[in-house]
Amino acid sequence: MKKETFALVYEVYDSAEELSKEDALLLRKAQDAVRLSYAPYSHFHVGTAALLQNGEWIEGSNQENASFPVGICSERVLLSVASSRYPGVPIVAMAVSYKSDLVSSNHPISPCGLCRQTLQEYELRLQHPIRLILGGMDGKVWVLPNTSQLLPLSFTSDDLEIKETGESIRQNQKRV
Ligand code: THU
């Protein structure tokens with residue numbers, strides 16, 4: 001038996017003022033995107049912004065529903081926009097912010113489990129890490145070099161490898 005450890009590497013900034021110009025701009029865009037959120041049930045408004053490799057900026061925001069599980073997180077709304085409007089174009093960086101009348105937004109939030117799984121598949125599919133900038137309306141900001149770190153020992157398309165041919169779902173995805 002041997003023990004393995006997993007280390008999560010991320011940067012902690014005391015405020016957005018300490019960020020690079022590019023990261024600060026992306027976080028500001030995510031803070032702006034909070035206004036596009038539809039969250040009448042949780043009153044927790046989340047905004048996401050991303051810079052794509054082709055230089056385009058896109059936004060996402062959480063979209064809730066009276067049937068609660070139908071709601072979609074801001075991150076996955078953004079990934080759907082990226083994948084359908086700019087298929088095959090990697091996401092270079094993504095920022096997530098939020099605002100709520102019920103809780104203070106002076107600290108970062110981190111993507112939920114479903115979003116982590118979806119983000120990781122996006123990185124693997126396009127073979128490009130997504131730099132992740134997490135911050136509230138003010139306060140500390142966390143910066144991660146990629147999103148896959150947030151989901152260690154994960155289930156991926158490699159686990160669906162076809163036994164006989166050794167072909168993976170990922171190879172099939174690339175062919176499309
Ligand atoms: N939410 C997001 O959009 N992103 C996150 O990272 C955390 C949670 C949404 C889901 C739901 O609409 C609301 O915030 C409260 O959970």
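The protein chain carries 17 positive and 21 negative side chains, and the centres of the two sets lie 2 Å apart; Lys and Arg count as positive and Asp and Glu as negative, with His and the chain ends not counted, and each charge is placed at NZ of Lys, CZ of Arg, CG of Asp or CD of Glu.

This is a predicted model, in which local features need pLDDT of at least 70 and side-chain atom pairs count only at pLDDT 80 or more, while totals for chains, interfaces and linings use all residues. Residues are numbered from 1 along each chain as its sequence is written, and side-chain values use heavy atoms, with hydrogens and water left out.

Four helices and six strands make up the secondary structure of the protein chain, taken as DSSP runs (H or I, at least four residues, for helices; E, at least two, for strands) and numbered from the N terminus. Their order along the sequence is β-α-β-β-α-β-α-β-β-α.

| Property of the protein chain | Value |
|---|---|
| Buried residues | 40% of the 176 residues |

Buried here means under 20% relative accessible area with a 1.4 Å probe, protein chains only.

A nonpolar core is a set of buried Ala, Val, Leu, Ile, Met, Phe, Trp, Tyr and Cys residues joined through side-chain atoms within 4.5 Å. The largest one has 22 residues, and those touching the most other members are I58, L78, L79, I91, M94, Y122 and L132. Its largest share, four residues, comes from β4. A second, separate core of twelve residues includes L27, A30, A95 and V143.

Notes:
Buried < 20%, exposed > 50% of the residue type's maximum accessible area, 1.4 Å probe, protein only.
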